[in-house]
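These are my notebook entries on one protein chain.

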Amino acid sequence: MSERQPEPTTARRIDRLATLPLFHKLEGRKVVLAGGSESALWKAELIAAAGADLRVFAGDAADRFTPLARAFSSEVDTGSREENASEQKARAIERSNRIENCSSEPPAGHVTVVARHWQPDDLADAALAIGDIEDLTEARAFAAAARQLGVPVNVVDKPEFCDFAFGSLVNRSPLIVAISTDGAAPVFGQAIRAKIEGLLPAGLKSWAQAAKDWRPAVQVRELPFALRRAFWERFTARAIAAPEREPGEIDRSDLFSALDRLENAHDGTGRVTLVGAGPGDPELLTLKAIRALQSADIILYDDLVSSGVLEFARREAKRMLVGKTGYGPSVKQSDINALIVALASQGKHVVRLKGGDPGIFGRAGEEIEACAAANIPVAIVPGISAAQGAAASLGLSLTHRDHARRLQFVTGHARSGDLPDDLDWQAMADPYATTVIYMARATLAGFRDRAVAAGLDPQTPAVAVLAATRPDEVRVAATIATLPDMLGQLPAKGPVLVLVGHALGAVAATSVSQDLRRA
């Protein structure tokens with residue numbers, strides 16, 4: 001077995017994006033809207049709600065915008081006259097007074113409605129330009145004028161003239177969620193918005209505002225990242241636990257008192273979290289595992305961890321592959337232990353991400369001992385084991401009461417790479433046990449011979465599952481007598497788990513022809 005060194009992951013951390021989601025700060029900035037339809041009216045309301053200084057060139061439809069202008073204490077210009085300097089100054093003073101008199105609510109925008117069509121000069125100094133224009137020639141001219149002035153432009157329902165897009169919104173401002181389908185299916189985006197609306201209680205608006213109000217008090221302390229993160233994790237836990245309750249001074253006092261205690265106790269040492277990544281399907285991750293991934297500074301992960309699982313990690317977290325492959329290049333366990341300790345000693349939150357459950361043939365014990373020797377705290381987040389994932393994929397119970405009294409997990413791979421000599425072969429031959437053999441691809445024939453010699457019925461059902469729960473999962477089902485000779489039908493790479501026992505019953509009997517087609 002050849003050795004390899006831990007290596008930072010160079011692969012991209014996110015799949016390709018059709019568009020880059022951005023949130024524009026429009027407070028007090030000029031935005032131009034050309035058009036007079038109902039769609040334009042909604043865009044105007046949306047932009048004004050963001051605090052923009054909105055200029056609407058509505059042509060003959062100016063009256064449609066009059067209620068909106070009045071709602072924002074703005075005005076409708078029924079002619080083509082532009083404001084003179086004194087009028088502009090008076091309007092700016094009025095707007096400034098409105099902003100100063102506002103409390104925690106974001107100040108409303110200002111809306112000027114002009115009863116004429118747009119002109120190229122109207123777009124000068126605009127932060128954004130939006131056109132609700134049916135005529136293709138005019139739409140092209142509007143986009144060209146905006147781009148010539150360096151103004152990002154959107155022409156409704158004409159993606160070829162759009163530098164940005166409007167998504168469906170879930171508004172709990174200052175908490176805002178935007179959904180985009182890149183214009184492919186707006187109705188689909190709206191349906192997703194409705195789902196998210198149901199998941200986010202309206203009370204989260206107050207918690208988001210509290211976060212905005214309390215953030216300066218956290219920032220002024222100039223704390224290390226780990227302590228800042230701990231504060232906001234506690235804040236988030238409290239908000240999620242009682243989203244409809246208005247946050248108050250008691251919450252603030254409790255959170256900052258806890259931060260004081262953390263700051264006083266902090267000695268610069270980091271922490272380690274051993275996280276079970278499950279058998280491969282990202283949807284089998286636990287919520288606690290996701291939280292750990294999203295708070296990590298550095299993630300040390302195995303070859304068995306799927307890219308879909310890594311998608312849940314904090315984007316800024318450094319990722320390092322410290323994988324082991326059966327009979328192939330592998331990072332020495334002692335090197336992994338030393339790396340974990342070294343990184344945590346630098347004050348980092350190190351997440352050691354392991355396939356399946358970290359406590360089942362994941363060498364977690366050695367890593368826990370290394371951390372304990374260095375006085376580094378360790379937390380364990382269990383995961384769905386490969387055995388559980390395979391059983392679920394097969395649609396069976398490993399402990400069917402008519403067939404199994406016991407469930408046993410064993411390894412088919414000793415330190416030497418051979419079949420372990422010290423397995424309890426009488427237990428392996430128990431007809432009322434379900435046995436799950438990890439890492440048995442190269443040693444299953446030897447396991448069969450020893451177990452049958454100890455009394456295991458050669459006709460006992462057995463199934464080998466490669467890449468359980470993943471899209472490329474493949475199974476081979478037979479009896480324990482014949483299964484070792486069929487493993488060559490599996491792809492050469494990937495984790496293989498073998499299940500043996502009468503609890504497999506009909507599943508093993510009916511899986512052969514069905515599952516070999518997957519290969």
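**Entry 1: the sheet**

I began with strand E1, which is joined to strand E12 (residues 318–321) by 2 bridges, the two strands running antiparallel. I note that the model is predicted, that local features need pLDDT of at least 70 and side-chain atom pairs pLDDT 80 or more, while totals for chains, interfaces and linings use all residues. Residues are numbered from 1 along each chain as its sequence is written, and side-chain values use heavy atoms, with hydrogens and water left out.

Helices (H or I, at least four residues) and strands (E, at least two) are DSSP runs, numbered from the N terminus. Two strands count as paired if DSSP finds at least two bridges between them. Across from Glu7 I found Leu321 of E12. I then traced the open sheet of 6 strands in the order E1-E12-E11-E13-E10-E14, and its pairing is mixed. Strands E1 (7–8) and E14 (378–381) are at the edges with a single partner strand each, so one side of each has no neighbour in the sheet. As background, I recorded that strands of a sheet pair through backbone hydrogen bonds, either parallel or antiparallel.

Which strands does helix H11 lie across? Helix H11 (residues 333–345) lies across E10 (271–276), E11, E12 and E13, and runs at about 150° to E13. Contact here means heavy atoms within 4.5 Å. The axes are lines fitted to C-alpha atoms, for helices over the stretch in contact, and angles run from 0 to 180 degrees between N-to-C directions.

**Entry 2: salt bridges**

I counted a salt bridge where a side-chain nitrogen of Lys or Arg is within 4 Å of a carboxyl oxygen of Asp or Glu. By this rule I have 22 salt bridges. For burial, I used under 20% relative accessible area for buried, over 50% for exposed and partly exposed in between (1.4 Å probe, protein chains only).

Asp302 and Arg352 form a salt bridge with an N to O distance of 2.9 Å. Asp302 is in the loop between strand E11 (298–301) and helix H10 (307–310), and Arg352 is in strand E13 (residues 349–354), so the pair ties together parts 50 residues apart in sequence. Arg352 also meets Glu367 in a salt bridge, at 3.1 Å, N to O. Glu367 is in helix H12 (residues 364–373), so this pair with Arg352 of E13 ties together parts 15 residues apart in sequence. Asp302 and Arg352 are both buried, and Glu367 is buried too.

I also looked at Glu197 and Arg193, whose salt bridge is 3.2 Å, N to O. Why are they about one helical turn apart? They are separated in this way because they are 4 residues apart in helix H5 (residues 186–199). Glu197 is partly exposed at 27% relative accessible area, and Arg193 is partly exposed at 28%.

**Entry 3: cysteines and cores**

Counting cysteine sulfur pairs within 2.5 Å as disulfides, I found 0 disulfides. Cys162 is partly exposed, at 25%, whereas Cys371 is buried, at 2%.

A nonpolar core is a set of buried Ala, Val, Leu, Ile, Met, Phe, Trp, Tyr and Cys residues joined through side-chain atoms within 4.5 Å. The largest has 28 residues, and Ile437, Leu444, Phe447, Leu483, Leu490 and Val498 touch the most other members. Elements supplying at least two residues each include helix H15 (444–453) and strand E19 (496–500). Apart from this core lies another, of 24 residues, among them Leu41 and Phe72.
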